[in-house]
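Subject: Structure for your review

Dear colleague,

Please find below the structure that I am handing over to you. My notes on it come after the model.

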Amino acid sequence: GLGAVCLMQKHAFAYGSLDLFPNVSKESVKLYGLVSVQAVLCIVYILFGAGVIIVKVAIHASSPVFFELLREAVAAPLLFGLSALFGQRCLPSAKDLPRFLAAGLCLFGNQMTSIVGLKLTSPVVATVWQSSIAIWMASVTVLAGCEKVSVQKALGIAVAVAGSVFIVISDAHLTGEGEAHMSHRRWGHFLLFAKCVCSSAYMGLMKDLSAKYQAVPILANCFAIAGALSLALHCFISKVPSLLQFTCWSNSPYMMEECFDGAWRVRADIWGALTYEVIFGTLVAWLLLHWASQQVRASEAAAFATVQPATACAVSSILVVMKGPAWAMAHGIWLPGARNVFGVLLIIVGLLLTILNGVHAQHAGEAGPMLPRSMQNSHSVEHDSEIAPDSGASIPSACGAGVA
């Protein structure tokens, strides 16, 4: 996966050039590119969905804020190293610093509300909330006049989100004892809602910055900013017992006490999850998401987030069967019921409608997903190496995608 990221980065993220396929029609290459992007988006959200389960198990007796701080502290230097390896400019220009700060703040909000919300709820609920980003992105881009929504695409998004909402409603039954459990669960839902808002804002800012910078330095700077904010937050929380108890809450008093007493402790059982999150959840998934988001409309990319709940349901079922109900309940993982399966089927149907809409748009010659620059101009070169960052060669558009 990391090798694929490096290869795409080295060749300006090109997945096809007409010069390489002299006997293939332009429409066929465009269709192949569309299917490739959709496959990448599916892989990205499968990685994210599996990561939610892995992280949930890892933080059962650890602070979620501290875990996210460790992830960002490890990921940021690695991303800067990749940026230097690719010969890209690591630091933004002074006039772009406010936009990078805003993007870093949104990434911080996205990551922190996500992992704390996951701690207070369940993996299925957390991934279902991620699916609602499709509504936010589609609404914003349509209201801004950035893209038109066909009936089929709107229906696909609606069906997929309906399946996600159905899973949340079916998961709302009492899974713990007492009012404290339900109170923390409600707070978890609120944090996951805030995560969707932050994620939508970050995706918009990322598309704006991508008109001038490449994915690796964007992500490196945003993770560095998020890491600094996470350090400040954890220092503050660790000094306030009520906040530390809130972020460490668990059904198990023993696990809650372990988390509370070891706010700065790196437990041995988090290393596997941390490794997965840094390599697959950051270096692979986030970079692929950055690339894929430049090839399709924002609402189409966000619609693939509905793959996450399906992945979470599948992995949760496997863990419950393999580890047993007692182990699963102790780690906040529950076996999806028949209603969850029905919701997943709705998600799959909605996703298929969205995918087929893009394919039909390509066949009809409509303005479908954006093509990589290498397909628009086979003689293009990497803009980081040929265009000075302050040359004004890329002008952000109102839709955030940028006009080269």
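The notes below cover the source, a helix pair, the cysteines, one arginine and the nonpolar core.

This is a predicted model, in which local features need pLDDT of at least 70 and side-chain atom pairs count only at pLDDT 80 or more, whereas totals for chains, interfaces and linings use all residues. Residues are numbered from 1 along each chain as its sequence is written, and side-chain values use heavy atoms, with hydrogens and water left out.

Helix pair. Helices are DSSP runs (H or I, at least four residues), numbered from the N terminus. Helix H3 (residues 64-85) packs against helix H9 (residues 215-239) at an angle of about 155°, and their axes are 8 Å apart. Axes here are lines fitted to C-alpha atoms over the stretch in contact, and angles run from 0 to 180 degrees between N-to-C directions. H3 is therefore roughly antiparallel to H9 (a term for angles over 145 degrees). The contact of H3 with H9 comprises 18 nonpolar, 5 polar and 2 charged residues, where Ala, Val, Leu, Ile, Met, Phe, Trp, Tyr, Cys and Pro count as nonpolar, Asp, Glu, Lys and Arg as charged, and the others, Gly among them, as polar.

Cysteines. The count comes to 1 disulfide, defined as a pair of cysteine sulfur atoms within 2.5 Å. Cys248 and Cys259 form this link, with their sulfur atoms 2.1 Å apart. The link is left-handed, with -65° about the S-S bond. Cys248 lies in the loop between helix H10 (241-247) and helix H11 (253-261), and Cys259 lies in helix H11. Both Cys248 and Cys259 are buried (under 20% relative accessible area, with exposed over 50% and partly exposed in between, for a 1.4 Å probe and protein chains only). Cys196 is in no disulfide, the nearest cysteine sulfur being that of Cys198, 9.4 Å away. Cys196 is buried at 0% relative accessible area, whereas Cys235 is partly exposed at 34%.

Arginine. Which helix holds Arg185? Arg185 is found in helix H8 (residues 178-210), and Arg185 counts as buried at 3% relative accessibility. Arg185 and Leu120 are 65 residues apart in sequence, yet 5.6 Å apart in space, C-alpha to C-alpha.

Nonpolar core. The largest nonpolar core has 74 residues; Leu41, Phe67 and Trp286 are among those with the most contacts inside it. Such a core is a set of buried Ala, Val, Leu, Ile, Met, Phe, Trp, Tyr and Cys residues joined through side-chain atoms within 4.5 Å. H12 gives the largest share of this core, 13 residues.

Yours sincerely

Notes:
Helix = DSSP H or I, 4+ residues; strand = E, 2+ residues; numbered from the N terminus. Parallel < 35°, antiparallel > 145°, perpendicular 65-115°, else oblique.
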